[in-house]
Amino acid sequence: IVCGQPEFLDDQADTLLNPTVIIEVLSSSTADFDRGGKFARYRSLPSLETYLLIDSESKKIERYTRGNE
């Protein structure tokens with residue numbers, strides 16, 4: 001989710017530089033990376049306010065918001 005004008009890395013428009021909310025659906029093969037390395041990179045985005053992780057194998061949603069990292 002982006003508020004305002006989307007800013008992209010290049011002309012392919014597949015890498016958004018200013019997301020406000022990012023939602024990830026976890027799988028057993030990606031969960032560790034999504035919670036670790038990927039989340040660390042996302043935290044460096046000044047526009048990011050909320051990161052949601054939805055567990056595909058259980059009824060669980062994790063929410064991280066700016067300030068509760």
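**View 1. Charges across the protein.** In these legends, Lys and Arg count as positive and Asp and Glu as negative, while His and the chain ends are not counted. Each charge is placed at NZ of Lys, CZ of Arg, CG of Asp or CD of Glu. With that in hand, the protein has 8 positive and 12 negative charges, whose mean positions are 8 Å apart. Please keep in mind that this is a predicted model, where local features need pLDDT of at least 70, side-chain atom pairs count only at pLDDT 80 or more, and totals for chains, interfaces and linings use all residues. Residues are numbered from 1 along each chain as its sequence is written, and side-chain values use heavy atoms, with hydrogens and water left out.

**View 2. The overall fold.** Two helices and three strands make up the elements here (DSSP runs numbered from the N terminus: H or I of at least four residues for helices, E of at least two for strands). Starting at the N terminus, their order is β-α-α-β-β. Along the principal axes, the C-alpha atoms fill a box of roughly 35 × 30 × 20 Å. Of the 69 residues, 26% are buried (under 20% relative accessible area; exposed is over 50% and partly exposed lies in between, with a 1.4 Å probe and protein chains only).

**View 3. The largest nonpolar core.** A nonpolar core is a set of buried Ala, Val, Leu, Ile, Met, Phe, Trp, Tyr and Cys residues joined through side-chain atoms within 4.5 Å. The largest one has nine residues: Ile22, Leu26, Ala31, Phe39, Tyr42, Leu45, Leu48, Tyr51 and Leu53. Zooming in on Phe39, you will find contacts (heavy atoms within 4.5 Å) with Phe33, Asp34, Tyr51 and Tyr64, leaving aside neighbours within four places in sequence.

View 4. Asn18 sits in the segment before β1 (21–26). Its relative accessibility is 10%, so Asn18 counts as buried. The Asn18 side chain comes to 2.9 Å from the backbone nitrogen of Glu7. Not counting residues up to four places away in sequence, Asn18 touches Val2, Gln5, Pro6, Glu7 and Ser47.

View 5. Most residues other than glycine have a negative phi. Ala13 is not a glycine, yet its phi is positive, at about 55 degrees. Look for Ala13 in the segment before β1. With a relative accessible area of 39%, Ala13 is partly exposed.

Definitions and conventions. A polar contact is a pair of N or O atoms within 3.5 Å; within protein, one must be able to donate a hydrogen and the other to accept it, and residues adjacent in sequence count only if both atoms are side-chain atoms.
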